[in-house]
Amino acid sequence: MSSGETAGRNRIEFLDAVRGVAASLVVFHHLMVNISPEYRWFGHTFFDPGRIGVVAFFLVSGYVIPMSLRSGSQKAFWLKRFFRLFPVYWVAFALYFAVAHESISDAPLWVWGMNFLMLNGLLGLVSILPPAWTLSIELLFYVQSSAARIRGLLDKAIHAGWLWLALFLALAVGSRVLGKDLPVTLPLLMFCAALGHALYLRDHAGSGVWKYLLGAGLVLGPVGTYVRGHDGEWAPLTYSLSFLMGLGLFFAFYLLQARPVPKVLMSLGGISYSLYLFHITVTYALHDLLGLGGPVYFLAGAAASLVLAYLAHRFVEEPFNHVGRALARPRSGVPVGEPARTP
């Protein structure tokens with residue numbers, strides 16, 4: 001295997017490792033908040049492992065999505081993304097409703113429809129499947145990147161990160177002035193995706209923009225958080241540390257990407273999307289329905305989440321991924337899309 005092939009393989013492996021750790025942090029957090037008041041206090045006061053994982057996920061998306069858009073047509077991209085995201089989400093949505101329907105608020109039908117379409121997070125609506133609030137922000141990044149590619153500006157889309165960071169600061173100031181909880185998390189996560197994109201361009205085009213985006217985020221992320229103040233759920237220190245540690249998690253694996261990734265992290269990365277979606281059903285069933293607690297609940301919840309995620313990945317995710325790839329495959333003699341260009 002050539003050194004170039006090794007480098008490409010290691011880049012994909014490091015991304016899977018980040019996904020695996022990020023999903024595990026989200027699961028760990030949701031298991032622990034149900035059994036440990038001390039942990040709830042710590043997570044509320046210092047940092048939230050679940051939010052650390054979410055920040056790392058958006059850096060991964062920022063790195064991966066431009067790579068996907070450069071290698072194929074718009075139609076192929078959206079077909080593969082649709083079958084990658086929606087079918088397993090709908091299964092997770094239905095299973096959670098079947099198990100936890102008594103705890104779900106009586107939301108209007110249109111709110112259910114927005115959840116079904118993954119648009120609830122963008123509109124500030126309740127997430128019927130609790131972890132799914134991030135998915136519509138992810139879709140927004142896809143739309144932004146896809147639109148930039150259509151305009152021939154995909155590589156320049158990293159500069160949208162400056163606009164998202166500015167919007168984060170503006171909403172933080174607005175929250176303080178108006179005394180209202182404005183949606184600061186959405187632009188901050190979009191900024192994280194832009195930073196991931198900038199790192200992709202560093203690796204594939206030698207771009208140095210990532211250094212300036214990273215520096216701005218390290219300073220202005222915490223500054224905006226403290227300007228915003230305590231919103232009743234997130235203390236400034238908790239919000240800031242969770243954001244900074246999410247960046248640190250991604251960069252730790254990014255800097256060590258030349259090293260072999262443990263197979264367990266590769267496996268976790270492979271099932272990370274299903275793990276993210278399905279674990280909340282397990283935690284609810286074991287804690288709220290069966291009344292389990294303590295170490296038994298934690299171990300049973302972790303094991304059952306992994307098993308359910310594997311089954312969902314094996315029998316839902318993979319088959320529909322194959323469908324998406326088959327539908328995206330060009331007809332004989334018809335090119336998939338324009339070749340990737342070097343910026």
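Colleague: Salt bridges to start. How many are there in this model?
Modeller: The count comes to 5 salt bridges. Keep in mind that the model is predicted.

Colleague: What does Arg70 pair with?
Modeller: Arg70 bridges to Asp155, and their closest N and O atoms are 3.1 Å apart. The pair links distant parts of the chain, 85 residues apart. Arg70 belongs to helix H3, residues 49–70. Asp155 sits in the loop between helix H7 (135–150) and helix H8 (160–178).

Colleague: Is Arg70 buried or exposed?
Modeller: Arg70 counts as buried, because its relative accessibility is 14% and the cut-off for buried is under 20%.

Colleague: And Asp155, buried or exposed?
Modeller: Asp155 is buried too, at 9% relative accessibility.

Colleague: Next one. Which residue does Glu317 bridge to?
Modeller: Glu317 forms a salt bridge with Arg84, with 2.7 Å between the closest N and O atoms. This pair also joins distant parts of the chain, 233 residues apart. Glu317 is in helix H14 (residues 294–328), and Arg84 is in helix H4 (residues 74–100).

Colleague: How accessible is Glu317?
Modeller: Glu317 has 2% relative accessibility and counts as buried. Arg84 is partly exposed, at 21%.

Colleague: What about Asp181? Where's its partner?
Modeller: Asp181 meets Arg228 in a salt bridge, at 2.5 Å from N to O. Arg228 is in helix H10, residues 209–228, while Asp181 is in the loop between H8 and helix H9 (185–205). They are 47 residues apart.

Colleague: Which is it for Asp181, buried or exposed?
Modeller: Asp181 is exposed, with a relative accessible area of 52%.

Colleague: Switching to packing. At what angle do H13 and H14 cross?
Modeller: Roughly 135°, with the axes coming within 8 Å. H13 covers residues 272–289. The two helices are therefore oblique to each other.

Colleague: Which hand is the crossing, left or right?
Modeller: H13 passes H14 in a right-handed crossing. On the H13 side the contact includes Tyr273, Leu275, Phe278, Val282 and Leu286. On the H14 side, Tyr297, Ala300, Gly301, Ala304 and Leu308 are among them. Glu317 of H14 is also one of the contact residues.

Colleague: What's the make-up of that contact by class?
Modeller: The contact of H13 with H14 has 12 nonpolar, 7 polar and 1 charged residues.

Colleague: Now H8 and H9. How far apart are their axes?
Modeller: The axes are 8 Å apart, and the helices pack at an angle of about 160°. That makes H8 roughly antiparallel to H9, because angles over 145 degrees count that way. H8 passes H9 in a left-handed crossing.

Colleague: Which residues meet there?
Modeller: H8 brings Gly161, Trp164, Leu165, Leu167, Phe168 and Leu171. H9 brings Leu186, Pro187, Leu188, Met190, Phe191 and Ala194. By class, that contact has 11 nonpolar, 1 polar and no charged residues.

Colleague: Phe168 and Leu188. Where do they turn up again?
Modeller: Around Gly221. Leaving aside neighbours within four places in sequence, Gly221 contacts Phe168, Ala216 and Phe243. Gly221 and Leu188 are 33 residues apart in sequence and 7.7 Å apart in space, C-alpha to C-alpha. Gly221 is in helix H10.

Colleague: Is Gly221 buried or exposed?
Modeller: Gly221 is buried, with a relative accessible area of 0%.

Colleague: Where is Ser146, and what does it touch?
Modeller: Ser146 lies in helix H7. It touches Leu69, Gln74 and Trp78, not counting residues up to four places away in sequence. At 5% relative accessibility, Ser146 counts as buried.

Colleague: What's the phi of Met118?
Modeller: Met118 has a positive phi of about 65°, although it is not a glycine. Met118 is in the loop between H5 and helix H6 (120–123). Met118 is buried, at 1% relative accessible area.

Colleague: Last one. Where is Glu102?
Modeller: Glu102 is in the loop between H4 and helix H5 (109–116). Glu102 is exposed, with a relative accessible area of 72%. Glu102 and Gly43 are 27 Å apart in space, C-alpha to C-alpha, and 59 residues apart in sequence.

Definitions and conventions. Residues numbered from 1 in each chain as written. Predicted model: local features only at pLDDT ≥ 70, side-chain atom pairs only at ≥ 80, totals over all residues. Heavy atoms only, no water. Salt bridge = Lys/Arg side-chain N within 4 Å of Asp/Glu carboxyl O. Helix = DSSP H or I, 4+ residues; strand = E, 2+ residues; numbered from the N terminus. Buried < 20%, exposed > 50% of the residue type's maximum accessible area, 1.4 Å probe, protein only. Axes fitted to C-alpha atoms, helices over the stretch in contact; angles between N-to-C directions. Parallel < 35°, antiparallel > 145°, perpendicular 65-115°, else oblique. Left-handed = near helix turned anticlockwise from the far one by under 90°. Contact = heavy atoms within 4.5 Å. Nonpolar A, V, L, I, M, F, W, Y, C, P; charged D, E, K, R; others polar.
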